[in-house]
Amino acid sequence: MALSLEEVGRIARLARIELAPGDAEATQAKLNGIFGLIEQMQAVDTTGVAPMSHPQDVVQRLRPDAVTEGDRRAAFQRVAPEAEQGLYLVPKVIE
Amino acid sequence: MTLQTLKSLADALAQKKTSSRELVTDYLARIDARNPAINAFITVDRDGALAAADAADQAIAAGHAAPLTGLPIAHKDIFCTEGVLTTCGSKMLANFVSPYDAHVVSQLKAAGVVSLGKTNCDEFAMGSTNENSFFGPVKNPWNLDRVPGGSSGGSAAAVAAGMIPACTGTDTGGSIRQPAGLCGVTGIKPTYGVVSRYGMVAYASSLDQGGAFAHTAEDCALLLNHMAGFDNRDSTSLERAKEDYVRDLALPLKGLRIGLPKEYFGEGLAADVRGAIENALAELRKLGATTVDVSLPNTHLAIPAYYVIAPAEASSNLSRFDGVRYGHRAADFSDLAELYARSRAEGFGAEVKRRILVGTYVLSHGYYDAYYIKAQQLRRLIAQDFQQALQHCDVIAGPVAPTAAWKLGQMADDPVQMYLADIYTIAVNLAGLPALSTPAGFSAEALPVGLQLIGNYFGEARLLNVAHQLQQTTDWHLRRPGN
């Protein structure tokens with residue numbers, strides 16, 4: 001498998017990472033090197049093998065549907081690039 | 001300089017031979033002297049450390065000292081520390097002051113430790129050399145032209161250079177064991193789920209595990225006693241009774257069966273590293289252990305499976321860095337989409353971007369089964385290999401890395417080459433097993449070599465016992481670098 005330049009651009013858009021003009025080719029070469037490594041997986045027959053997501057195969061714990069966290073909005077927004085009156089500021093998205 | 005362990009410092013404090021302020025002042029001076037050449041610290045919290053030391057001295061004087069009260073340590077800069085910078089080695093978080101403490105940080109604080117600062121690491125823990133840090137590479141104290149390993153390179157180098165007696169770290173594919181090996185210190189990665197990931201900035205959540213660096217296995221056990229334990233805030237934390245990791249240190253090794261996987265001693269292992277490992281194994285045999293050949297036939301699949309699972313989880317975890325809620329925001333943008341894309345392009349380094357892109361692709365529509373599910377199936381085969389092998393032995397031993405520390409820049413432009421150097425550590429994370437690295441002599445170029453010991457689930461105490469016994473009859477862990 002080899003990624004085309006077009007696919008590299010598509011992935012970068014999905015990942016919300018701007019690729020500088022001229023970076024696409026270098027990125028493509030490096031990614032194709034990595035996919036060359038990954039493709040070794042396909043040589044193994046894994047029919048019937050259950051996927052493993054946690055070594056102990058534990059399931060997610062449930063908890064009562066109750067509020068456990070206090071209001072720390074001011075502390076959390078102090079590290080925001082731009083916040084005002086308890087709101088995060090971003091460029092206008094609705095005209 | 002005599003080796004100062006947490007244990008010896010704790011004894012000196014208990015006997016009133018020193019104070020926490022004196023210890024902290026001494027270690028701050030060592031950081032001032034050695035860090036400029038080694039770059040192991042991103043942040044030194046001088047004022048916070050001295051204030052905590054004074055509080056510790058008051059607690060000791062009042063007779064209510066906790067087990068680790070007054071002992072200096074540092075945290076890998078991936079653990080959130082309230083009021084202190086937490087950068088993850090990234091431009092993205094270069095100004096990020098966490099509003100809360102990670103579970104590990106608060107647990108160790110409660111046990112009385114004094115944090116001197118935050119250690120350098122590969123950006124978001126992605127790397128094997130510490131060259132992927134926005135704050136510059138860490139140098140190996142044994143030879144400043146060499147890498148310290150990664151991603152917890154700053155933690156390992158800081159301990160090796162005597163800038164701190166012990167340090168926290170994280171291990172997703174070898175990030176504690178490999179730098180411990182390359183820097184000649186002891187480092188343990190516990191069983192997945194034993195140490196809470198709360199407040200440990202996430203890279204690959206199904207693999208990430210916090211652990212410890214120190215000079216000795218005994219010190220690692222002391223730290224682990226306070227780091228491990230169930231935490232409701234980590235959804236994969238395991239509900240188990242508290243363990244005392246010191247309890248088995250003194251057990252004799254007579255009758256211990258050590259498995260030697262043939263895949264860890266084959267082609268690619270440098271002759272000098274092999275020689276050092278064989279010497280260490282000979283010492284363990286002298287202590288009464290026997291060795292048995294075992295096989296981990298799917299070892300070669302660990303790296304491909306890891307480079308699907310880890311980037312997939314990273315692409316999801318790192319989507320939180322959007323230039324809106326915290327972290328870097330680009331200066332120029334015309335709309336929200338551009339704000340995201342530019343902030344992330346500017347804030348992330350090259351390797352982090354590559355892994356996000358790989359992860360985005362393998363999780364994109366139509367590819368999920370072919371990559372992520374396939375990798376999780378291989379993960380099970382790899383975990384089953386270990387269970388097979390552990391039917392014939394109590395612990396598995398082998399090298400941590402195929403070579404001793406390599407030159408800075410040597411693999412910097414070849415990610416795949418760099419990935420392959422993690423061949424002996426990655427499978428352990430996929431299986432979720434505990435493992436440690438303990439000093440095992442030196443390479444032909446007088447660089448440290450690490451012996452890796454891998455145990456079965458929750459076998460930390462046994463691993464620490466084996467390393468401790470080895471450290472009672474060898475002096476590799478006592479040797480200090482010139483830098």
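Is Asp11(B) buried, exposed or partly exposed, and what is its relative accessibility? Asp11(B) is partly exposed, at 32% relative accessibility (buried means under 20% relative accessible area, exposed over 50%, partly exposed in between, with a 1.4 Å probe and protein chains only). This is a predicted model, in which local features need pLDDT of at least 70 and side-chain atom pairs count only at pLDDT 80 or more, while totals for chains, interfaces and linings use all residues. Residues are numbered from 1 along each chain as its sequence is written, chains are lettered from A in the order in which they are written, and side-chain values use heavy atoms, leaving out hydrogens and water.

**Where the chains meet**
- Chain A brings 49 residues to the contact and chain B brings 72 residues (contact means heavy atoms within 4.5 Å).
- Together the two chains bury about 5200 Å², with 67% of it on carbon and sulfur atoms (buried area is the accessible area, 1.4 Å probe, that two parts lose on being put together, summed over both).
- Three salt bridges cross this interface (a side-chain nitrogen of Lys or Arg within 4 Å of a carboxyl oxygen of Asp or Glu).
- Arg342(B) and Glu18(A) meet in a salt bridge at 3.1 Å, N to O.

**Salt bridges in chain B**
- Lys7(B) and Asp11(B) pair at 3.3 Å, N to O.
- Arg146(B) and Glu445(B) form another salt bridge, at 3.1 Å, N to O.
- Arg146(B) is buried at 8% relative accessible area, whereas Glu445(B) is exposed at 52%.
- Arg247(B) pairs with Asp248(B) at 3.5 Å, N to O.
- Shared partners join Arg240(B), Glu243(B), Arg247(B) and Asp248(B) into one salt-bridge network.
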